[in-house]
Amino acid sequence: MKQFLIIFLGGGIGSSLRYIIGKFLPYSKGEFPLSTFLVNLTGCFLIGFFFQILSKTDLLKSDLSLFFIIGFCGGLTTFSTFSFESVDLIKENSFTILLYYNFASIFLGLIMVYIGTLLGKTFV
């Protein structure tokens, strides 16, 4: 039960942050979904960073890992919204934006995880 609550708390904070970012950068049909793009790239960076730090300090199986990796990063990032907005771009015939959004999200997401792990190594 304790682990569930730790994940719940981290996820709530991550989801709330995603909501706030979405309010500052609202999505409009047919336009590049900047808020989802930014939270997903930030989450990719943070999951790499947290994983690196927690694995090097033997905390990967700790409550901190549950809070930051599963809870916070899981709540912050959103694959379902990414997919929904991609379908919306198809419906709006915004195929160029769709290609940029999907390619950049996946490619830059991988790069951000890698950069996060590299930066995490400098802290440990």
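**Legends to close-up views of the predicted model**

**View 1. Aromatic pairs and the Phe4–Phe8 pair of helix α1.** Eleven aromatic pairs are counted when rings of Phe, Tyr and Trp (its six-membered ring) are paired if their centres lie within 6.5 Å, with planes under 30 degrees apart classed as stacked, over 60 as edge-to-face and the rest as tilted. In the Phe4–Phe8 pair the ring centres are 6.3 Å apart and the planes lie at 20°, so this pair is stacked. The structure is a predicted model, in which local features need pLDDT of at least 70 and side-chain atom pairs count only at pLDDT 80 or more, while totals for chains, interfaces and linings use all residues. Residues are numbered from 1 along each chain as its sequence is written, and side-chain values use heavy atoms, with hydrogens and water left out. Phe4 and Phe8 are four residues apart in helix α1 and are therefore separated by about one helical turn; helices here are DSSP runs (H or I, at least four residues), numbered from the N terminus. Phe4 has a relative accessibility of 53% and counts as exposed, and Phe8, at 60%, counts as exposed too (buried means under 20% relative accessible area, exposed over 50%, partly exposed in between, with a 1.4 Å probe and protein chains only).

**View 2. The edge-to-face pair of Phe32 and Phe37.** The ring centres are 5.2 Å apart and the planes stand at 75°, so the pair is edge-to-face. Phe32 is partly exposed at 30% relative accessibility, whereas Phe37 is buried at 11%. Elsewhere, ring pairs join Phe45, Phe49, Phe50, Phe67, Phe68 and Phe123 into a cluster.

**View 3. Packing of helix α1 against helix α3.** Helix α1 (residues 2-24) and helix α3 (residues 63-76) pack at about 35°, with their axes 7 Å apart; axes are lines fitted to C-alpha atoms over the stretch in contact, and angles run from 0 to 180 degrees between N-to-C directions. The crossing is right-handed, that is, the near helix is turned clockwise from the far one by less than a right angle.

**View 4. The largest nonpolar core.** Eleven residues form this core, including Val39, Phe45, Ile53, Phe72 and Leu76; a nonpolar core is a set of buried Ala, Val, Leu, Ile, Met, Phe, Trp, Tyr and Cys residues joined through side-chain atoms within 4.5 Å. Two or more residues each come from α2 (34-56) and α3, and α2 gives the largest share, seven residues. Another core, of seven residues, lies apart from it and includes Phe82, Leu89, Tyr101 and Ala104. Beyond its neighbours within four places in sequence, Phe72 is in contact with residues including Gly10, Leu17, Leu46 and Phe50.

**View 5. Ser94 in the loop between α4 and α5.** Ser94 lies between α4 (79-91) and α5 (95-123). Its relative accessibility is 13%, so Ser94 counts as buried. Residues up to four places away in sequence aside, Ser94 touches Gly30 and Leu89.

**View 6. Leu118 of helix α5.** Leu118 is partly exposed, at 37% relative accessibility.

How values were computed: Contact = heavy atoms within 4.5 Å.
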